[in-house]
Amino acid sequence: MFLANNDNPANTKTHNDMDNKCYFTHRLTLLSQVTNELSKEKTSESLYRRVVELGHDKLDFDRLTLFFISTDRKTIQGSFGIDTNGEI
């Protein structure tokens with residue numbers, strides 16, 4: 001068990017480092033779960049929609065849009081996105 005004495009800056013730093021590591025580990029686990037869910041999609045369109053859904057629902061992005069760049073790199077095309085109301 002980790003007990004930090006907040007009066008000691010070294011202990012506070014160690015406690016913050018542990019919090020950061022826990023947060024990072026949690027986010028990495030979420031990312032792995034999202035990747036596994038995405039691998040189950042059968043069509044490109046369902047994959048693109050699910051990328052946006054999971055980015056919003058699991059990874060906590062408020063706004064998210066998936067764009068594609070043309071091969072000549074002169075135009076972009078949107079596919080799915082989250083609007084200001086949190087809707088796809």
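Which residues is leucine 59 in contact with, leaving aside its neighbours within four places in sequence? In this predicted model, leucine 59 touches Arg27, Leu30, Leu31, Val34 and Leu54. The report starts from that residue and then turns to the rest of the chain.

**Overall layout**

The chain has two helices and two strands, and along the sequence they come in the order α-α-β-β. Of its 88 residues, 12% count as buried. The accessible surface is about 7,100 Å², and carbon and sulfur atoms account for 52% of that area. Among contacts between residues at least 6 apart in sequence, 27% join residues at least 24 apart.

**The nonpolar core and a surface patch**

Leucine 59 belongs to the largest nonpolar core, together with Leu30, Val34, Leu38 and Leu54. Helix H1, residues 9–38, gives the most to this core, with three residues. In soluble globular proteins, nonpolar side chains tend to be buried together.

Some nonpolar side chains are found on the surface instead. Phe24, Leu28 and Leu31 form a nonpolar patch there, with about 310 Å² of accessible area together. Leucine 31 is found in helix H1. Its relative accessibility is 43%, so leucine 31 counts as partly exposed.

The buried residues of H2 are Val52, Glu53, Leu54 and Gly55.

Side chains of opposite charge can pair when their charged atoms come close. The count for this model comes to four salt bridges.

| Salt bridge | N to O distance |
|---|---|
| Glutamate 37 and arginine 50 | 2.9 Å |
| Arginine 49 and glutamate 53 | 3.1 Å |
| Arginine 50 and glutamate 53 | 3.0 Å |

Salt bridges that share partners join Glu37, Arg49, Arg50 and Glu53 into one network.

Arginine 50, at 24%, is partly exposed, and so is arginine 49, at 35%. Glutamate 53 has a relative accessible area of 18%, and because the cut-off for buried is under 20%, glutamate 53 counts as buried.

**Loops and the end of the chain**

Aspartate 60 lies in the loop between helix H2 (44–57) and strand S1 (65–69). Its phi is near 65 degrees, a positive value in a residue other than glycine. Aspartate 60 is exposed, with a relative accessible area of 55%.

Arginine 73 is in the loop between S1 and strand S2 (76–81). Phi of arginine 73 is near 65 degrees, which is positive in a residue other than glycine. With 65% relative accessibility, arginine 73 counts as exposed.

Asparagine 85 is found in the segment after S2. This residue is exposed, with a relative accessible area of 63%. Asparagine 85 and arginine 63 are 22 residues apart in sequence, and their C-alpha atoms are 9.2 Å apart in space.

Terms used
Residues numbered from 1 in each chain as written. Predicted model: local features only at pLDDT ≥ 70, side-chain atom pairs only at ≥ 80, totals over all residues. Heavy atoms only, no water. Core = buried A, V, L, I, M, F, W, Y, C linked by side-chain atoms within 4.5 Å. Buried < 20%, exposed > 50% of the residue type's maximum accessible area, 1.4 Å probe, protein only. Helix = DSSP H or I, 4+ residues; strand = E, 2+ residues; numbered from the N terminus. Contact = heavy atoms within 4.5 Å. Areas by Shrake-Rupley, 256 points an atom, 1.4 Å probe, with all protein chains shown as cover. Patch = residues over 30% accessible without salt bridge, like charges linked within 9 Å, V, L, I, M, F, W, Y side chains within 5 Å.
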